[in-house]
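Please keep the sequence and the three-dimensional view at hand while reading.

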Amino acid sequence: MRNDFRLINGDCFNELAKFKDEFDLIFADPPYFLSNGGLSIQSGQIVSVNKGKWDEGTNIDEIDEFNLKWLKLAKRSLSDNGSIMISGTYHNIFSIGRALQKLDYKILNIITWQKTNPPPNFSCRYLTHSTEQIIWARKDEKHKHIFNYELMKRLNCDKQMKDVWSFAAIAPWEKACGKHPTQKPLSLLIRLILMASNENSVICDPFAGSATTGIAANLLNRDFVGIEKEQEFIDIALKRKAELEANFIKFRDKFSDIKLLNGLKFG
């Protein structure tokens with residue numbers, strides 16, 4: 001494995017502004033703004049939903065302003081054929097959708113990640129929340145985007161890939177170096193990156209957390225640039241990168257999407 005893995009310890013707004021026309025794919029998991037003192041259930045235990053100061057709720061106008069600001073910078077940093085994927089739930093996804101439209105992105109799909117093992121609803125007053133959405137958009141109407149259509153068909157038994165994907169939450173081995181409170185499963189990121197980038201593409205994550213995006217990118221021979229302002233998550237990310245380098249083949253062989261794509265070359 002010889003791909004770049006660059007982590008920048010800094011604020012998304014300051015650091016993303018330094019890039020122009022550089023990224024072929026951006027995956028972003030921005031704050032959901034749901035740290036409001038509520039409770040949830042995790043592994044059978046009652047836990048707080050609070051993630052940290054960075055995720056504390058604010059009013060809708062401030063949320064809209066936040067999303068417009070970083071998405072404007074993201075658009076500037078994308079290559080002409082680049083695209084962006086933003087993960088969210090009902091807490092923030094409508095604000096993100098509005099911002100994308102205001103900035104003249106071309107929305108391509110809304111992918112639904114259906115969790116096979118969601119936590120139960122604590123209050124028993126609502127349906128169990130078992131999905132997250134990922135909005136996929138390209139830079140604008142006129143530019144083309146990377147879409148590996150045939151690869152996606154191969155992953156779906158030679159049928160067109162649909163926009164609802166079922167994946168479990170992160171496996172215990174993915175937490176071996178520590179855990180980010182909103183960490184996404186590697187299997188999900190692998191499929192997203194395979195879908196919308198090529199080998200030697202440059203992948204960016206402006207809210208890198210513990211760098212799941214970077215680990216998936218390097219597994220697939222893509223370069224990675226991540227921005228993360230919390231030092232504790234930078235430390236976890238670097239440990240995960242070292243773990244990947246020490247066990248590259250073992251990691252790669254855990255994922256069915258990778259094993260099915262026999263035409264890809266790794267290393």
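The text below moves from the whole chain to its strands, a helix, its cores and its open spaces.

## The chain as a whole

The model is predicted. The chain contains nine helices and ten strands. Of its 267 residues, 51% count as buried. Among the contacts between residues at least 6 apart in sequence, 73% join residues at least 24 apart.

## Strand pairings

Strand S2 spans residues 23-28 and is largely enclosed by the rest of the structure, because six of its six residues are buried. Strand S2 runs parallel to S5, and five bridges join the two. Within this pairing, Phe 23 has Leu 78 in S5 as its bridge partner. Strand S2 also pairs in the parallel sense with S9 (residues 202-205), over two bridges. There, Leu 25 stands opposite Ile 203.

Strand S6 likewise has two pairings to consider. With S7, strand S6 pairs in the antiparallel sense over eight bridges. With S8 (residues 164-167), the pairing is parallel and has four bridges. Trp 113 takes part in both: its bridge partner in S7 is Glu 132, and its bridge partner in S8 is Trp 165.

The table collects the pairings.

| Strands | Sense | Bridges |
|---|---|---|
| S2 and S5 | parallel | five |
| S2 and S9 | parallel | two |
| S6 and S7 | antiparallel | eight |
| S6 and S8 | parallel | four |

Which residues of H3 are buried? They are Ile 93, Ser 95, Ile 96, Gly 97, Ala 99 and Leu 100. In general, an α-helix has 3.6 residues a turn, so residues three or four places apart point the same way.

Leu 103 is found in the loop between H3 and S6. Is this residue, Leu 103, buried or exposed? Leu 103 counts as buried because its relative accessible area of 18% is under the 20% limit. Leaving out residues up to four places away in sequence, Leu 103 touches Leu 68, Leu 71, Lys 72 and Lys 75. Lys 75 is 28 residues from Leu 103 along the chain, and the C-alpha atoms of the two are separated by 8.4 Å. Asp 104, which also follows H3, has a positive phi, near 65°.

## The nonpolar cores

The largest nonpolar core has 38 residues. Those that touch the most other members are Met 85, Ile 190, Leu 192, Met 195 and Leu 219. Helix H5 (residues 186-196) provides the largest share of this core, with nine residues. Apart from this core lies another, of 30 residues, including Leu 16, Ile 26, Phe 66 and Ala 74.

Beyond its neighbours within four places in sequence, Met 195 is in contact with Met 85, Ile 111, Trp 136, Ile 146, Phe 147, Asn 148, Met 152 and Trp 165.

## A cavity and a pocket

How many cavities of 30 Å³ or more does the whole structure hold? A search finds one. The largest cavity contains about 30 Å³ of space, and its lining consists of Asp 64, Leu 68, Ser 95, Arg 98, Ala 99 and Lys 102. By class, the lining of the largest cavity has two nonpolar, one polar and three charged residues.

The second largest pocket holds about 420 Å³ of space. It is lined by 30 residues, and those closest to its centre are Asp 29, Pro 31, Phe 207, Ala 208 and Glu 228. Helix H1 (12-16), helix H6 (212-219) and strand S10 (223-228) each supply at least two residues of the lining of this pocket. By class, the lining of the second largest pocket has 14 nonpolar, eight polar and eight charged residues.

How values were computed
Residues numbered from 1 in each chain as written. Predicted model: local features only at pLDDT ≥ 70, side-chain atom pairs only at ≥ 80, totals over all residues. Heavy atoms only, no water. 1 Å grid on protein atoms, 1.4 Å probe; cavity = no way out; pocket = protein on both sides within 12 Å on 5 of 7 lines; lining within 4 Å. Points joined across faces, edges and corners; volume = space filled by probe spheres on them. Nonpolar A, V, L, I, M, F, W, Y, C, P; charged D, E, K, R; others polar. Core = buried A, V, L, I, M, F, W, Y, C linked by side-chain atoms within 4.5 Å. Buried < 20%, exposed > 50% of the residue type's maximum accessible area, 1.4 Å probe, protein only. Contact = heavy atoms within 4.5 Å. Pairing = 2+ DSSP bridges.
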